[in-house]
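Me: I am new to this structure and would like to get to know it step by step. Could you look at it with me and take my questions one at a time?

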Amino acid sequence: MGVEDLQIIMAESLKSALKEISENKDATIIANGTDMMPRIRDEGLKVEKILDISALDKELSYINVDSNLIRIGAMTTVSEIGSSNVFNGSLNAFYEVVSKFGGPQIRNRATIGGNICSATSSEDFIPLLMALDASVVLQSVNGKRTLKLNNFVIGKRSVNRRNDEIMVEVQFSKPGDDYLSGFEKIGRRNILIINLINMAIVMSLKQRRVNDVRIALNRVSGKVPGRARLTEGFLNGKEIDGNIISSAREKLAEELKLSSDFRASADYRIHLAQAILEKLLNRFREGV
Ligand SMILES: Cc1cc2nc3c(=O)[nH]c(=O)nc-3n(C[C@H](O)[C@H](O)[C@H](O)COP(=O)(O)OP(=O)(O)OC[C@H]3O[C@@H](n4cnc5c(N)ncnc54)[C@H](O)[C@@H]3O)c2cc1C
């Protein structure tokens, strides 16, 4: 099948997109295409029907704060997140994700909805949003449903989306002002990194004591992102010092069930994850 046989449906509004996807459940959704286009063009991914939702930026590009709930529209780009002041203070890790994300052209196009729905271990917003216990909002012609992100992203390129649904929003509660957040990733080069491992941590420190720590990585078991619950449990309530950080590193190695691939061995990835954990905890210890 050549490109000339490709059926492209252009949605002009959310309402028309929902109608189209309900009538064309076999269509592949494309937002701004930074993940999909290289897969079709370079990797030979076969698609016969595309629902192009890029025009939905008029309705789904927003960052709203409703009392304590932060709501980010699915078509919001990485650049728009980087230029918003909503993420100052306890949500500073958003700016860290943005500053390490692709190059300027990609940041101007890549959407947060596309990042989540791509659902690979290369997607940098997923761990941060998991550390924030975020939920996604999915909409179909029959209405909306809200799902915790960890129940939505269930495997590599596997999400819990019904084929008549469009992801319209991601939302989470803003952590209090006593919370700190951080994000780090390590790849094989410094720019345009496909990460080997990434990690986000959100936590509060009360009199140097760890409180409500949430640690999420792009890989916890195999290639599936998730929370490092054992390490979180170990750290919670402890006064943070060099010995505790060193024991937390060991806990993390205990709970990560990774596999080796052509980019890195499992042991090397675990070593990198331990290094990031130590770096972020030391940073928080110094109050930054
Ligand atoms: C050179 C380069 C560098 C990159 N660097 C990074 C990086 O540093 N960090 C990083 O995390 N990613 C990176 N990416 C990956 C990519 O840019 C992101 O995943 C991006 O956020 C995807 O958004 P998009 O709008 O382009 O999605 P698209 O490519 O349009 O779609 C991606 C997937 O999500 C689905 N989808 C999109 N929107 C919706 C929706 N609203 N509802 C349901 N399904 C939807 C599509 O069906 C598709 O499966 C890079 C890509 C390139 C090409």
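This is a predicted model: local features need pLDDT of at least 70, side-chain atom pairs count only at pLDDT 80 or more; totals for chains, interfaces and linings use all residues.

Me: Which backbone oxygen does the side chain of Gln274 reach?
Reply: Gln274 sits in H12, and its side chain makes a contact of 2.9 Å with a backbone oxygen. That oxygen belongs to Arg249.

Me: Now to Arg219: which side chain does it join in a polar contact?
Reply: Arg219 is part of strand S13, residues 209–221. With a relative accessible area of 5%, Arg219 is buried. The side chain of Arg219 has a polar contact of 3.2 Å, and the partner is the side chain of Ser121.

Me: How many aromatic pairs does the structure hold, and which residues do ring pairs link into a cluster?
Reply: The structure holds five aromatic pairs. Ring pairs build a cluster from these residues: Phe87, Phe94, Tyr95, Phe101, Phe125 and Phe172.

Me: Why is the pair of Phe87 and Phe94 given the name it has?
Reply: Two values describe a pair of aromatic rings: the distance of the centres and the angle of the planes. For Phe87 and Phe94, the centres are 4.3 Å apart and the planes lie at 25°. Planes under 30 degrees apart count as stacked. At 25°, therefore, the pair of Phe87 and Phe94 is stacked.

Me: Are Phe87 and Phe94 buried or exposed?
Reply: For Phe94, the relative accessibility is 0%. That value makes Phe94 buried, and the description holds for both Phe87 and Phe94: buried.

Me: What kind of pair do Phe94 and Phe125 form?
Reply: The ring centres of Phe94 and Phe125 are 6.1 Å apart. Their planes lie at 35°, and stacked would need planes under 30 degrees apart, edge-to-face over 60. The pair of Phe94 and Phe125 is therefore tilted.

Me: How many residues apart in sequence are the parts that this pair of Phe94 and Phe125 ties together?
Reply: Phe94 belongs to helix H5 (residues 93–99), whereas Phe125 belongs to helix H8 (residues 125–131). Phe125 is buried too, at 0% relative accessibility.

Me: How far apart in space are Val170 and Leu129?
Reply: Val170 is a residue of strand S10 and is buried, with a relative accessible area of 0%. Along the sequence, Val170 and Leu129 are 41 residues apart. In space, C-alpha to C-alpha, the distance between Val170 and Leu129 is 8.6 Å.

Me: What is the phi of Arg157?
Reply: Arg157 lies in the loop between strand S8 (153–155) and strand S9 (158–159). Its relative accessibility of 35% makes Arg157 partly exposed. Arg157 is not a glycine, yet it has a positive phi of about 50°.

Me: Let us move to the ligand: how many residues surround it?
Reply: The closest ones are Ile29, Ala31, Thr34, Thr111 and Asp124. By kind, the shell divides into twelve nonpolar, nine polar and six charged residues. The number of residues that surround the ligand is 27.

Me: Which element gives the largest share of the shell around the ligand?
Reply: Strand S2 (28–30), helix H7 (112–118) and strand S10 (166–173) each supply at least two residues of the shell. The largest share is four residues, and it comes from H7.

Me: What percentage of the ligand's accessible area does the protein cover?
Reply: Oxygen atoms of the ligand lie 3.1 Å from a polar backbone atom of Asn32, 2.8 Å from a backbone N or O atom of Gly33 and 3.0 Å from a polar side-chain atom of Asn115. On its own the ligand has 980 Å² of accessible area, and the protein covers 87%.

How values were computed
Residues are numbered from 1 along each chain as its sequence is written. Side-chain values use heavy atoms; hydrogens and water are left out. Rings of Phe, Tyr and Trp (its six-membered ring) pair if their centres lie within 6.5 Å; planes under 30 degrees apart count as stacked, over 60 as edge-to-face and the rest as tilted. Buried means under 20% relative accessible area, exposed over 50%, partly exposed in between (1.4 Å probe, protein chains only). A residue is near a molecule or strand if one of its heavy atoms lies within 4 Å of it. A polar contact is a pair of N or O atoms within 3.5 Å; within protein, one must be able to donate a hydrogen and the other to accept it, and residues adjacent in sequence count only if both atoms are side-chain atoms. Accessible areas come from the Shrake-Rupley method with a 1.4 Å probe; for residues, only the protein chains shown count as cover. Ala, Val, Leu, Ile, Met, Phe, Trp, Tyr, Cys and Pro count as nonpolar, Asp, Glu, Lys and Arg as charged, and the others, Gly among them, as polar.
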